[in-house]
Amino acid sequence: DVLERMRWLKAQGYKWFREVLLVMGRRAGKGHVSALALAYILWNYMAKGDPQHFYGVDRDKKLALMVFAGKREQAKATVWQDLVNVITGSNCFAPYVNKSQAEKLTVFAPNDKVRIRKMMERGIFTDQDMATFEIVPKESTLMAGRGPTSFAQAYDEMAHVVASGANRSAEEVYNAATPSLDQFGKEAFIIEPSMPWQMMGQFY
């Protein structure tokens, strides 16, 4: 009933499904599909011009796209890296990419360059990262998703994220992180690419 659901969502003013589960096996392209979906979401937010004003967010707040995995290194190596590759390898994003670092990619919204120019006209020069969007890999801890204003989240291999040491289960991380999406209403987005594993937990 996917087409029926799509028609219903469009009638209710949604642009996409809020939550997408990609239940796929190894080498099925989970990371690539997730990266394309997340890049599409990011482009829609950039198209607002001044997304902070549009969504009623403080003008100086960064908008975060967070990629969670069992370990930060796993998050960096999979969906996060696929998304970085899609963005930095595209023509449309090229004028807006600000800093591509080992654990963060920042991207300008169109209004950022207006803000920077106005600051310079007032004689204010800064080496702060003025880009609106930051794309960051996160480990599965309860604090990892708290604080940032998040508009999109990815949970890599969610079925395999279990409580171990400082790391928490997928359900705990999901419940701690997803409230940060609330400010974006119908345009918040979650994608969960994972191989199936056990018949329990948040992914199941």
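Helices (H or I, at least four residues) and strands (E, at least two) are DSSP runs, numbered from the N terminus. This is a predicted model, so local features need pLDDT of at least 70, side-chain atom pairs count only at pLDDT 80 or more, and totals for chains, interfaces and linings use all residues. Residues are numbered from 1 along each chain as its sequence is written, and side-chain values use heavy atoms, with hydrogens and water left out.

Q: In which loop does R27 lie, and is R27 buried or exposed?
A: Start with the backbone: phi of R27 is near 60 degrees, positive in a residue other than glycine. Most residues other than glycine have a negative phi. R27 lies in the loop between β1 and α2. Buried means under 20% relative accessible area, exposed over 50% and partly exposed in between (1.4 Å probe, protein chains only), and with 82% R27 is exposed.

Q: Is E157 buried or exposed?
A: E157 also isn't a glycine, yet has a positive phi of about 45 degrees. E157 sits in the loop between β6 and α7. Its relative accessibility is 14%, so E157 counts as buried.

Q: What is the order of the strands in the open sheet?
A: Two strands pair if DSSP finds at least two bridges between them. β6 and β7, for one, run parallel and are joined by 3 bridges. The edge strands, each pairing on one side only, are β1 (19–23) and β3 (97–100). With mixed pairing, the 7 strands go β1-β7-β6-β2-β5-β4-β3.
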